[in-house]
Amino acid sequence: MLKLSVSHIIEKIERQEAFEAVAEDYSFSLKIDSYAPYICAAVHDGHQFRKSLWENCTHTEYERWYEEDPCTREMVQDHPIVIAGRDSRFEYDLNRAPEAAVYTDAWGKTLWKVPLPDTERELSLKKHNNFYRVVRALVGQIEKIHGTALVFDMHSYNYRRWEREVPVWNLGTANIDEKRFGALAESWRRQLGEMNLPNGIVSTSKINDTFQGNGYFLKYITHTFENTLVLATEISKIYCDELSGMIYPEVVRSVASYFMDAMPRQVDEFLSKKG
């Protein structure tokens, strides 16, 4: 893996080079084995939290972990193109617009003991901006090559906080073109529901049940690129113990294994219906 500036990452994308790199500030990573017509993203996978914020933060490490999406990068890491956040959403949230990306409070609790200095806020927003510079270059290059692109936007959510039964998989489609892509979204939901999971877990799947797909990552790509579909795909945290932080690796690997066949099938269907 290389350590590269954002400008050098973009240069490699423009030259259609295969590479694996981490941003020079370690804020995100990008792997490109080949310029396939689909991209896997895990924007909330990161847990890093820069030291200059530690003393000012009211949330414990566990509280931050609880709201992050651990293992979402691992579920898609073997696919040709994978982009993932490495910093915690508590530092800045890649799935929120810049003006809302740096929290003042989080999940009902004030985040900072004293208001965040402008210098710290600006550093966080610079990281946010750099990530989207790369996203724009990457999706643009895939559209240039293939005429279209499919993005799997991977997330997870805490099912224990819900006071009703919730699906293992939720697909958020409120911000996609239902006329163009509604059948493809339903096809992906169906594939998610057919997944065999260990430990007696039944892989239920629904559309717009717990979340509707209102994240900035999806909206940014959808509004910037006319021919790209983003599938906001959320797994409930059945792959870990939400209360202790223990990860169940057999569940994570089961998801990753299923995706190795399911995602290319979905891409093939997407390409067959483009235009």
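Trainee: Which residues do ring pairs link into a cluster here?
Mentor: The cluster is made of F28, F131, Y132, Y216, F217 and Y220, joined by ring pairs. Keep in mind that this is a predicted model.

Trainee: How many aromatic pairs are there by this rule?
Mentor: The count comes to 20 aromatic pairs. One of them is F28 with F131, with 5.6 Å from centre to centre and 85° between the planes, so the pair is edge-to-face, given that planes over 60 degrees apart get that label.

Trainee: Where do F28 and F131 sit in the chain?
Mentor: F28 is in strand 3, residues 28–32, and F131 is in helix 4, residues 118–146. They are 103 residues apart, and the pair links distant parts of the chain.

Trainee: Is F28 buried or exposed?
Mentor: F28 counts as buried because its relative accessibility is 1%, and the cut-off for buried is under 20%. F131 is buried as well, with a relative accessible area of 1%.

Trainee: What about Y38 and F152?
Mentor: Y38 and F152 form an edge-to-face aromatic pair, 6.0 Å centre to centre and with 90° between the planes. Y38 lies in strand 4 (residues 38–42) and F152 in strand 8 (residues 149–157), so this pair ties together parts that are 114 residues apart in sequence. Both Y38 and F152 are buried.

Trainee: Switching to charges. Which ring does K12 lie over?
Mentor: K12 lies over the face of F19, at 5.9 Å from the ring centre. In another case, R64 lies over the face of F49, at 4.2 Å from the ring centre.

Trainee: Now helices. How do the axes of helix 1 and helix 4 cross?
Mentor: Helix 1, residues 6–14, and helix 4 have axes that come within 9 Å and cross at roughly 5°. Helix 1 is therefore roughly parallel to helix 4, as angles under 35 degrees count that way.

Trainee: Which residues meet there?
Mentor: From helix 1 there are V6, S7, I9, I10, I13 and E14. They meet N130, R133, V134, A137, L138 and Q141 in helix 4. Sorted by class, the contact has 7 nonpolar, 3 polar and 2 charged residues.

Trainee: You listed L138. What does L138 touch?
Mentor: Leaving aside residues up to four places away in sequence, L138 touches I13, L30, I32, I39 and I81. L138 lies in helix 4 and counts as buried because its relative accessibility is 1%.

Trainee: And how far apart are L138 and E14?
Mentor: In sequence L138 and E14 are 124 residues apart, while in space they are 8.3 Å apart, C-alpha to C-alpha.

Trainee: Last topic, the backbone. What is the phi of Q16?
Mentor: Q16 has a positive phi of about 55°, although it is not a glycine.

Trainee: Why point that out?
Mentor: Because most residues other than glycine have a negative phi.

Trainee: Where is Q16 found?
Mentor: Q16 is in the loop between helix 1 and strand 2 (19–23). Q16 counts as partly exposed because its relative accessibility is 41%.

Trainee: What about the phi of W107?
Mentor: W107 has a phi near 50°, a positive value in a residue other than glycine. W107 lies in the loop between strand 6 (105–106) and strand 7 (109–110). At 41% relative accessibility, W107 counts as partly exposed.

Key. Residues are numbered from 1 along each chain as its sequence is written. This is a predicted model: local features need pLDDT of at least 70, side-chain atom pairs count only at pLDDT 80 or more; totals for chains, interfaces and linings use all residues. Side-chain values use heavy atoms; hydrogens and water are left out. Rings of Phe, Tyr and Trp (its six-membered ring) pair if their centres lie within 6.5 Å; planes under 30 degrees apart count as stacked, over 60 as edge-to-face and the rest as tilted. Helices (H or I, at least four residues) and strands (E, at least two) are DSSP runs, numbered from the N terminus. Buried means under 20% relative accessible area, exposed over 50%, partly exposed in between (1.4 Å probe, protein chains only). A charge sits over a ring if NZ of Lys or CZ of Arg is within 6 Å of the ring centre and within 35 degrees of the ring normal. Axes are lines fitted to C-alpha atoms, for helices over the stretch in contact, and angles run from 0 to 180 degrees between N-to-C directions. Angles under 35 degrees count as roughly parallel, over 145 as roughly antiparallel, 65 to 115 as roughly perpendicular and the rest as oblique. Contact means heavy atoms within 4.5 Å. Ala, Val, Leu, Ile, Met, Phe, Trp, Tyr, Cys and Pro count as nonpolar, Asp, Glu, Lys and Arg as charged, and the others, Gly among them, as polar.
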